Amino acid sequence: MSKDEISKEIEAKFGNQLRTRVNGILIEDNKLLMVKHQMGNGRILWSVPGGGMNYGSTAKDNLKREYLEETSLEIEVGKYLFVHEYLKPPLHAMEHFF
């Protein structure tokens with residue numbers, strides 16, 4: 001898939017709507033676990049593991065699922081840390097960090 005196609009796919013799937021995400025900060029031996037995402041147009045996005053929430057699942061359960069999908073790690077979710085609002089049209093997300 002070309003980088004332009006990736007950008008179009010991201011916009012089609014997540015654009016022009018508010019998305020709620022959960023993210024988990026994992027620090028071990030003074031190292032932060034990050035995931036590398038290909039964003040299209042040659043852009044790379046590094047972020048901590050996480051993703052969109054499924055309706056009917058708690059934030060902690062969603063984060064456990066995302067960690068398993070992205071890293072194959074089974075985790076215990078710690079305390080809620082903060083919320084970050086990402087707004088760069090056409091993308092808009094409320095990102096909750098644990």
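Hi everyone, let me start with a tyrosine: Y80 has a relative accessibility of 40%, so we call this residue partly exposed. Before going further, please keep in mind that this is a predicted model.

Who is the partner of Y80? The ring of Y80 pairs with the ring of F98. How is a pair like this described? In general, one gives the distance of the centres and the angle of the planes. For Y80 and F98, the centres are 5.3 Å apart and the planes make 80 degrees, an edge-to-face arrangement. Y80 sits in the loop between helix 2 (59–71) and strand 7 (82–88), while F98 belongs to the segment after strand 8 (91–97), so the pair ties together parts 18 residues apart in sequence.

F82 and F97 are stacked, with 4.5 Å from centre to centre and 15 degrees between the planes. This pair also links distant parts of the chain, as F82 is in strand 7 and F97 is in strand 8, 15 residues apart. F82 is partly exposed at 37% relative accessible area, and F97 is buried at 12%.

Now back to F98, please. Leaving out residues up to four places away in sequence, F98 touches a whole list of residues, including V22, I25, A59, L63, V77 and Y80. F98 is also a member of the largest nonpolar core, which has six residues: V22, L63, Y67, I75, V77 and F98. As a general background point, nonpolar side chains tend to be buried together in soluble globular proteins.

L63 and Y67 bring us to helix 2, where the buried residues are N62, L63, E66 and Y67. Where do these four lie around the axis? They cover an arc of only 135 degrees, which means that they are on the same side of helix 2. Among the elements that cover them are strand 1 (17–23) and strand 6 (50–52).

What about the length of helix 2? Just after helix 2 comes S72, with a positive phi of about 65 degrees.

Methods:
Residues are numbered from 1 along each chain as its sequence is written. This is a predicted model: local features need pLDDT of at least 70, side-chain atom pairs count only at pLDDT 80 or more; totals for chains, interfaces and linings use all residues. Side-chain values use heavy atoms; hydrogens and water are left out. A nonpolar core is a set of buried Ala, Val, Leu, Ile, Met, Phe, Trp, Tyr and Cys residues joined through side-chain atoms within 4.5 Å. Buried means under 20% relative accessible area, exposed over 50%, partly exposed in between (1.4 Å probe, protein chains only). Contact means heavy atoms within 4.5 Å. Rings of Phe, Tyr and Trp (its six-membered ring) pair if their centres lie within 6.5 Å; planes under 30 degrees apart count as stacked, over 60 as edge-to-face and the rest as tilted. Helices (H or I, at least four residues) and strands (E, at least two) are DSSP runs, numbered from the N terminus. The arc is that of the directions from the helix axis to the C-beta atoms.
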